[in-house]
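Please walk through this fold with the model open beside the text.

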Amino acid sequence: MKKRIGLVGARGHTGRELLRLIAARDDLELVFASSRELAGQAVHDIAPEIAAGLMFEALSPEAVAERGADAVILALPNDAAGAFVAAIEVVSRNTMIVDLSADYRFDDGWTYGLPEIHGRDALRSARRISNPGCYATAGQLAIAPLRGRLAADPHVFGVSGYSGAGTTPSRKNNLEALRDNLMPYALTGHLHEKEMSRQLGVDVHFTPHVAAFFRGIVATVHLSLAEPITREALIALYEAAYRGESLVRVTEETPEVRDGAEVAGAVIGGFGLSSDGRHAVIVCTLDNLLKGAAVQALQNLCLALGLPE
């Protein structure tokens with residue numbers, strides 16, 4: 001039988017990708033899509049992949065819980081998930097939740113869902129899953145194979161397309177402000193900096209930027225090593241770490257934004273190395289709406305529901 005899936009926050013860029021991804025699977029059925037802005041419109045009009053008949057609804061947290069779906073994906077802005085989680089806890093505790101916001105990424109009661117690094121066992125029995133941030137996914141994938149070999153804190157220089165700023169108008173998704181520009185922001189204390197540090201167990205320093213392209217992320221990561229390494233050995237470490245992972249591709253070339261955009265997984269490469277073999281530069285690119293959000297949510301959801309990943 002198909003698993004019944006509900007989506008809350010269907011209007012945004014990530015919500016649109018989730019509609020497409022859910023429709024592409026024959027073991028999932030979208031039973032409701034909640035959006036205040038789109039309420040009353042046919043889902044098929046926005047997402048032609050979805051069969052005609054399903055309408056967008058403006059559902060309250062209690063109404064979402066009462067639907068009793070097998071799983072609910074919350075694709076909401078930060079600080080908006082709590083009421084839905086609370087209602088589901090009361091009315092439908094068996095409903096599994098995947099939350100794409102940062103609201104539960106620091107909550108030990110939730111399972112953090114980055115299976116390539118943190119494993120799949122906990123996800124297979126999880127009922128409450130916190131989906132990682134897009135930059136945090138790229139940074140962790142670039143750093144993780146060298147944990148335990150570092151001599152200093154990693155530094156991550158990240159650039160994202162403006163879709164990462166969401167659909168609510170702001171300077172970070174204003175094309176006129178972004179024209180011929182690279183916009184740094186949150187110079188210290190970005191949530192993804194704290195998220196990477198918590199999950200990797202090392203202090204990560206991170207500076208995000210937004211540029212005039214729509215989708216994609218590039219993270220250039222500087223890593224100081226306690227012991228020298230050859231480039232061949234460095235590449236071998238990453239190949240071994242991600243062997244068998246269909247959503248991570250390791251390449252000796254330096255990947256660019258276009259290599260990760262509209263691709264389901266991440267691309268890791270570059271492998272710059274100082275002459276003394278003690279300073280490595282790793283580049284990771286991915287699509288902030290896919291492996292950075294929607295693909296990862298489906299990956300986590302399917303693991304928790306016992307479906308093929």
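Phenylalanine 271 lies in strand 13, which covers residues 266-273. This is a predicted model. Phi of phenylalanine 271 is near 50 degrees, a positive value in a residue that is not glycine. Is phenylalanine 271 buried or exposed? With a relative accessible area of 1%, phenylalanine 271 is buried, since the cut-off for that class is under 20%.

Alanine 186 also has a positive phi, near 45 degrees, and is likewise a residue other than glycine. Its setting is a loop, the one between strand 9 and helix 9. The relative accessible area of alanine 186 is 31%, which makes the residue partly exposed.

Seven strands form an open sheet in the order 9-10-8-11-14-13-12, and the pairing is mixed. Strand 9 (183-184) and strand 12 (248-250) are the edge strands, each pairing on one side only. Further in, strand 8 (residues 155-160) and strand 11 (residues 217-224) run antiparallel, joined by six bridges.

Strand 6 makes its pairing with strand 7 (residues 128-130), in the parallel sense and over two bridges. Tyrosine 112 stands opposite serine 130 of strand 7. Strand 4 (residues 71-74) and strand 5 run parallel too, and four bridges join them. There, valine 72 has isoleucine 97 of strand 5 as its bridge partner. Strand 5 spans residues 96-99. Met96 and Val98 point one way from it, while Ile97 and Asp99 point the other way. All four of these residues are buried.

Next come the aromatic side chains. How many aromatic pairs does a search of the whole structure find? It finds four. Tyrosine 104 and tryptophan 110 are both buried. A ring also meets a charge elsewhere: the charged end of lysine 172 sits over the ring of tyrosine 185, 4.1 Å from the ring centre.

Last, the largest pocket. It holds about 1300 Å³ of space. Its lining has 47 residues, and those closest to the pocket centre are Ala75, Leu76, Pro77, Asn78 and Gly166. Which elements give two or more residues to this lining? They are helix 1 (13-23), helix 7 (134-143), helix 9 (191-200) and helix 12 (290-305). Helix 1 gives the most, with three residues. By residue class, the lining of the largest pocket divides into 19 nonpolar, 23 polar and five charged.

Terms used
Residues are numbered from 1 along each chain as its sequence is written. This is a predicted model: local features need pLDDT of at least 70, side-chain atom pairs count only at pLDDT 80 or more; totals for chains, interfaces and linings use all residues. Side-chain values use heavy atoms; hydrogens and water are left out. Rings of Phe, Tyr and Trp (its six-membered ring) pair if their centres lie within 6.5 Å; planes under 30 degrees apart count as stacked, over 60 as edge-to-face and the rest as tilted. Buried means under 20% relative accessible area, exposed over 50%, partly exposed in between (1.4 Å probe, protein chains only). A charge sits over a ring if NZ of Lys or CZ of Arg is within 6 Å of the ring centre and within 35 degrees of the ring normal. On a 1 Å grid over the protein atoms alone, a cavity is a set of points where a 1.4 Å probe fits but cannot get out, and a pocket is an open set with protein on both sides within 12 Å along at least five of seven lines; lining residues have an atom within 4 Å of a point. Grid points are joined across faces, edges and corners, and a volume is the space filled by probe spheres set on the points. Ala, Val, Leu, Ile, Met, Phe, Trp, Tyr, Cys and Pro count as nonpolar, Asp, Glu, Lys and Arg as charged, and the others, Gly among them, as polar. Two strands pair if DSSP finds at least two bridges between them.
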